[in-house]
Amino acid sequence: MADSTTLSNTEVEAQYDEYLPPIWKQLHVPVKHASGATIEDFDGNEYLDAFSGISVTNVGHTNDAVVDAAKDQLEDVIHGCSYVHPNAPVGDLAERLATETPGDLQKTFFCNSGTEAVEGAIKLARKYTGNTEILALEMGFHGRTLGSLALTGNSAYKNGMAPTLNDVVHAEPPYTYRCLSCGDEGCTADCADHIERVIGTQTADDLAAIVVEPVMGEGGIIVPPEGWLKRVQEIAHAHDAVLIVDEVQTGYGRTGEFWAIDHFDVVPDVLTQAKGIANGLPLGAFTARSEIADAFGSGDHLSTFGGNPVACAAALATIDELHNGAIENARTQGEWLAAELAELEAAFDVVGQARGLGLMQGLELVDPTAEGPRGVAPAPDSKLATNVSDRLRENGIIVGVGGYYSNVLRLQPPLTIDRAQLERIVSAIREALNAEVD
Ligand code: PLP
């Protein structure tokens with residue numbers, strides 16, 4: 001095995017080239033060590049991390065409390081690492097989640113990732129309702145296994161892998177900037193009516209679930225208009241289907257509340273979680289109302305490693321840290337960051353829209369002189385987004401680039417980030433935009 005203390009970036013990249021499929025090239029810098037909001041690569045360069053491994057290390061890289069909790073659990077020979085025997089961390093975390101989730105979301109099933117949480121949730125919806133059809137949104141992202149990929153509303157991800165799951169339909173997302181259901185008229189809660197139209201025209205009204213993200217992450221940080229999520233829930237229930245809200249990316253304080261649903265006053269029937277849940281250890285979960293969760297009988301769904309006690313112990317420590325200032329910081333720093341990004345939108349024509357909640361913020365970059373998709377101007381500018389991100393990385397700052405049109409700069413730093421670090425990020429973005437539009 002290579003000695004990680006003496007490796008260089010080039011050597012790590014060579015290993016990746018030789019032994020991993022090329023998909024990994026999309027990712028950012030080779031990480032030797034990370035702490036708080038900083039990352040160090042193998043050549044000794046330091047970066048400010050404004051992406052947190054896509055909203056994973058919410059309470060900071062190598063958070064002491066989380067690391068200690070995981071280490072202690074790992075050394076606990078009584079509880080070991082086996083999910084199939086009842087043990088304290090799993091029970092404690094399930095109980096904790098019943099109090100952290102609103103309303104009567106009471107019972108949690110643990111798994112290893114967001115994709116698995118979504119897979120489990122749609123199986124549960126089918127079992128509970130006895131129906132089969134599932135409605136999700138264009139531009140939505142729910143994972144890459146065949147079931148979750150079927151829900152994911154981006155055909156580019158399915159290239160060469162179809163057919164996925166049968167009986168899945170897609171409706172327009174609540175994309176207020178370039179609203180796809182009402183053109184450039186602006187988007188309101190009424191845009192949820194498109195879901196009704198899809199059910200009426202493309203389904204046999206045998207709907208098991210509507211699955212949505214409360215704020216779309218991979219789609220490009222898309223915040224729905226006031227009242228939209230409530231309306232989606234009404235539609236689901238009117239068709240005897242369950243509402244599954246996918247909080248894999250938005251949960252665990254990311255939006256300045258513990259859950260994004262807390263902004264919208266909606267209690268879904270099933271809530272999927274992963275990413276930030278254990279601050280980097282592999283864990284996923286879905287929490288449901290008891291009546292729904294109990295539809296899974298013995299053997300209906302199980303995972304050997306799902307909810308392993310080490311990850312659950314890390315999750316309990318993560319939740320404590322979130323309540324110990326991280327969520328509050330996400331709220332206050334998020335407000336400041338949103339105001340700064342709004343200034344960039346006002347100052348630069350190429351910033352089509354700045355949008356987000358808490359420390360989940362995005363800058364949609366556009367070519368103001370060209371027409372966009374479906375004739376709605378301006379055009380998304382993915383090249384500009386990549387160029388700005390490259391300039392930022394050269395300046396020691398890591399941001400995400402994504403969105404349905406690959407033209408959104410994504411700012412999703414650890415929730416513990418401080419004002420000085422955010423100021424550095426914003427001024428570097430301003431500098432990079434200036435250099436690009438010059
Ligand atoms: N759901 C949402 C909303 C996501 O953003 C993601 C990942 O980005 C997933 C599901 C899949 O999660 P994972 O990568 O842990 O399988």
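**Close-up 1. The contact of helix H3 with helix H11.** Ala-65, Val-66, Ala-69, Ala-70, Asp-72, Gln-73 and Leu-74 of H3 meet Pro-309, Val-310, Ala-313, Ala-314, Leu-316, Ala-317, Thr-318, Asp-320 and Glu-321 of H11, where two residues are in contact if their C-beta atoms, placed from the backbone, lie within 7 Å. The residues of this contact divide into 11 nonpolar, two polar and three charged; Ala, Val, Leu, Ile, Met, Phe, Trp, Tyr, Cys and Pro count as nonpolar, Asp, Glu, Lys and Arg as charged, and the others, Gly among them, as polar. The model is predicted, so that local features need pLDDT of at least 70 and side-chain atom pairs count only at pLDDT 80 or more, while totals for chains, interfaces and linings use all residues. Residues are numbered from 1 along each chain as its sequence is written. Helices (H or I, at least four residues) and strands (E, at least two) are DSSP runs, numbered from the N terminus.

**Close-up 2. The packing angle of H3 and H11.** Helix H3 (residues 64-74) and helix H11 (residues 309-347) pack at an angle of about 155°, with their axes 8 Å apart; that makes H3 roughly antiparallel to H11, a term for angles over 145 degrees, as roughly parallel is for those under 35. Axes are lines fitted to C-alpha atoms, for helices over the stretch in contact, and angles run from 0 to 180 degrees between N-to-C directions.

**Close-up 3. The contact of H11 with helix H13.** The axes of H11 and helix H13 (residues 419-437) come within 11 Å and cross at roughly 15°, and the two helices are therefore roughly parallel to each other. Gln-333, Trp-336, Leu-337, Glu-340 and Leu-344 of H11 make the contact with Arg-419, Leu-422, Val-426, Ile-429, Arg-430 and Leu-433 of H13. By class, the residues of the contact of H11 with H13 are seven nonpolar, one polar and three charged.

**Close-up 4. The two domains of the protein chain.** The domain assignment gives domain 1 (9-63 + 325-437) and domain 2 (65-321), with bounds that come from an automatic or database domain assignment. Their contact takes 35 residues from domain 1 and 32 residues from domain 2.

**Close-up 5. The shell around the ligand.** The ligand is surrounded by 16 residues, of which the closest are Ser-113, Gly-114, Thr-115, Val-248 and Gln-249; a residue is near a molecule if its C-beta atom, placed from the backbone, lies within 6 Å of it. Helix H5 (residues 114-129) gives the largest share of this shell, three residues.

How values were computed. Parallel < 35°, antiparallel > 145°, perpendicular 65-115°, else oblique.
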